[in-house]
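Please look at the sequence and the model below before reading on.

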Amino acid sequence: MRQLIRYGLVGAATNLAMYVVYLLITYIGVEPKKTMTLLYVIGATIGFIGHRKWSFAHHGDPTHAAIRYTLAHLSGYLLNFFILLLYVDYLGYAHQVVQGITILVIAGYLFLIFRYFVFPKAH
């Protein structure tokens, strides 16, 4: 439970900041998927340190964790991209709402991947 709370705190701070920037950048006219791509990379990079050190207190090999973290985020990014593509481009929903909801979906997905694949407890 402690991991989930810490993950939530790191994720909430990072995602809230990135979402506000997302809204500002798209407001000035940059396409939503391009904006999400840029901010996803920035947020994931910042999150690695917080999640590895604090959320999951990982003491394993940081290089292997970074590779697994990158793979996890690649899958999260692709899921995010296709959700935007489907709900915004094809179904016509407002990107602001879709991205806001998608952040929560991806956060839950990544928590499970981080806990069991990226930062597993040593046995």
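## The largest pocket

The lining of the largest pocket has 18 nonpolar residues, 10 polar ones and no charged ones. In this classification Ala, Val, Leu, Ile, Met, Phe, Trp, Tyr, Cys and Pro are nonpolar, Asp, Glu, Lys and Arg are charged, and the others, Gly among them, are polar. The space in this pocket is about 540 Å³. Of the 28 lining residues, G11, T14, N15, I103 and A107 are the closest to the centre. Two or more lining residues come from each of α1 (2-27), α2, α3 (62-90) and α4, and α1 gives the largest share, with 11 residues.

A pocket here is an open set of points on a 1 Å grid over the protein atoms alone, where a 1.4 Å probe fits, with protein on both sides within 12 Å along at least five of seven lines; lining residues have an atom within 4 Å of a point. Grid points are joined across faces, edges and corners, and the volume is the space filled by probe spheres set on the points.

## Basis of the model

The model is predicted, and local features need pLDDT of at least 70, side-chain atom pairs count only at pLDDT 80 or more, and totals for chains, interfaces and linings use all residues. Residues are numbered from 1 along each chain as its sequence is written, and side-chain values use heavy atoms, with hydrogens and water left out.

## The chain as a whole

The chain contains four helices and zero strands, in the order α-α-α-α from the N terminus. Helices (H or I, at least four residues) and strands (E, at least two) are DSSP runs, numbered from the N terminus.

Along the principal axes, the C-alpha atoms fill a box of roughly 50 × 25 × 20 Å.

## Helices α2 and α4

Helix α2 (residues 32-55) packs against helix α4 (residues 95-118) at an angle of about 35°, and their axes are 13 Å apart. Axes are lines fitted to C-alpha atoms, for helices over the stretch in contact, and angles run from 0 to 180 degrees between N-to-C directions.

P32, M36, Y40 and H51 of α2 are in contact with H95, Q99, I106, L110 and F114 of α4; contact means heavy atoms within 4.5 Å. By class, the residues of this contact are six nonpolar, three polar and no charged.

## The second largest pocket

The second largest pocket has a volume of about 150 Å³. Its lining includes T37, Y40, V41 and Y69, and α2 and α3 each supply at least two of the lining residues.
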